[in-house]
Amino acid sequence: MFDAMDTQNIVKKWIPFVLVSLISGVFGGIIGDKLDNQTQRVVEEKSYVEESQSIEAIAKAAPAVMSIVATKDLQVFKQSNPFNLFNDPFFQENFPGFRFQTPQPKEQEENNEPETKRQRVSGGTGFIVQENGLAVTNKHVVLDEDADFTALLPDGKEFDVEVLSKDPLNDVAVVQLHEKTEDDKDRKTGEKKNFGKKPSNLPTVSFGDSNTLQVGQKVFAIGYARGDYENSVTAGIISAIGREIVAGDQGGNFQETLSGLIQTDAAINFGNSGGPLVNLAGQVIGVNTAVDAGAQGIGFAIPSNEVKVVL
């Protein structure tokens with residue numbers, strides 16, 4: 001049994017330790033809270049810096065990215081009675097001996113020329129590299145020699161597109177923008193008329209060095225996604241370098257082997273072809289050219305250094 005003196009001695013002995021523990025706990029909690037707040041602030045600041053870099057890079061490149069629309073005269077097929085039994089595919093398949101000729105309009109019989117209508121046939125992307133409208137796109141975007149091409153800029157301006165050259169070894173084409181004219185092609189002869197004058201003071205993008213790229217580096221793809229959403233921006237990283245693929249267009253009119261490509265998981269949709277792949281500095285480090293249609297997050301771009309050679 002402890003007497004009063006012993007209890008007093010024990011209390012005196014342990015009071016300093018209890019006080020130290022209490023003080024340590026209080027200060028430890030304060031310091032811990034401060035450290036947590038400091039860590040949170042560092043994370044927020046880092047996030048803010050990264051977002052600011054992304055926004056600045058896109059703002060720097062996007063004004064020079066254009067949508068390219070291809071149009072051509074296509075024959076208009078008319079049917080006097082859309083519900084005619086003889087024109088039904090099931091009827092024609094099961095009763096091949098029966099044929100029904102839809103009467104032609106009188107004026108069409110006299111001219112003996114099919115009726116045509118100007119229609120949009122495809123869409124792609126390009127980007128301007130000189131203030132006078134010199135621009136880059138994919139070769140397969142401007143492949144159709146019977147089509148006319150129009151460039152639409154983010155500010156709403158439209159320009160005629162003249163195809164200057166197509167790289168025989170890569171999916172790259174160099175084009176020139178011209179002021180719009182009333183009609184740049186004679187509808188009767190099909191002969192090309194003179195283009196309008198070259199524009200001036202257009203927004204441009206600069207090229208980065210694709211030889212310095214590293215896997216994991218952040219990139220952005222800008223383009224006319226699916227031919228419907230102009231200047232759409234997607235973000236991702238460089239997934240691999242030096243890929244080789246066999247690429248072709250949807251119509252089966254174009255196919256070639258491309259090597260040394262940049263692989264990225266930034267979403268590249270149909271219509272993005274010819275648009276820029278941009279780094280955090282807002283520089284073009286690749287030209288978007290193909291997607292793996294059977295996969296997700298696998299797109300390819302031609303390195304910028306190869307495009308520089310073409311220019």
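**Strand β4, its hairpin with β5, and the surrounding charged residues**

In the hairpin formed by β4 and β5, where 5 residues lie between the strands, glycine 156 adopts a positive phi near 95 degrees. The model is a predicted one, in which local features need pLDDT of at least 70 and side-chain atom pairs count only at pLDDT 80 or more, whereas totals for chains, interfaces and linings use all residues. Residues are numbered from 1 along each chain as its sequence is written, and side-chain values use heavy atoms, with hydrogens and water left out.

The chain contains 4 helices and 12 strands, these being DSSP runs numbered from the N terminus (helices: H or I, at least four residues; strands: E, at least two). Of the 311 residues in the chain, 36% are buried, a term that stands for under 20% relative accessible area, while exposed stands for over 50% and partly exposed for values in between (1.4 Å probe, protein chains only). The accessible surface of the chain amounts to about 19,100 Å², and 52% of it belongs to carbon and sulfur atoms; such areas come from the Shrake-Rupley method with a 1.4 Å probe, and for residues only the protein chains shown count as cover. When contacts (heavy atoms within 4.5 Å) between residues at least 6 apart in sequence are considered, 64% join residues at least 24 apart.

Strand β4 (residues 148–152) is largely enclosed by the rest of the structure, because 4 of its 5 residues are buried. The strands β4 and β5 pair in the antiparallel sense over 4 bridges, pairing being assigned if DSSP finds at least two bridges between two strands. Within this arrangement, threonine 150 stands opposite aspartate 160 in β5.

Aspartate 160 is also part of a salt bridge, its partner being lysine 180, with the closest N and O atoms 3.0 Å apart. Since aspartate 160 lies in strand β5 and lysine 180 in the loop between β6 and β7 (218–225), the pair ties together parts that are 20 residues apart in sequence. Aspartate 160 is buried, with a relative accessible area of 3%, whereas lysine 180 is partly exposed at 40%. A salt bridge here is a side-chain nitrogen of Lys or Arg within 4 Å of a carboxyl oxygen of Asp or Glu, and by this rule the count comes to 3.

Another salt bridge joins lysine 72 and aspartate 144, whose closest N and O atoms are 2.9 Å apart. This pair links distant parts of the chain, 72 residues apart, with lysine 72 in strand β1 (residues 65–75) and aspartate 144 in the loop between β3 and β4. Lysine 72 counts as buried at 17% relative accessibility, and aspartate 144 is partly exposed at 29%. Aspartate 146, found in the loop between β3 (134–137) and β4, counts as exposed at 55% relative accessibility.

Aspartate 171, which is found in the loop between β5 (158–166) and β6 (173–179), is buried yet has no salt bridge, the nearest side chain of opposite charge being that of lysine 139, 5.8 Å away. For such charges, Lys and Arg count as positive and Asp and Glu as negative, while His and the chain ends are not counted.
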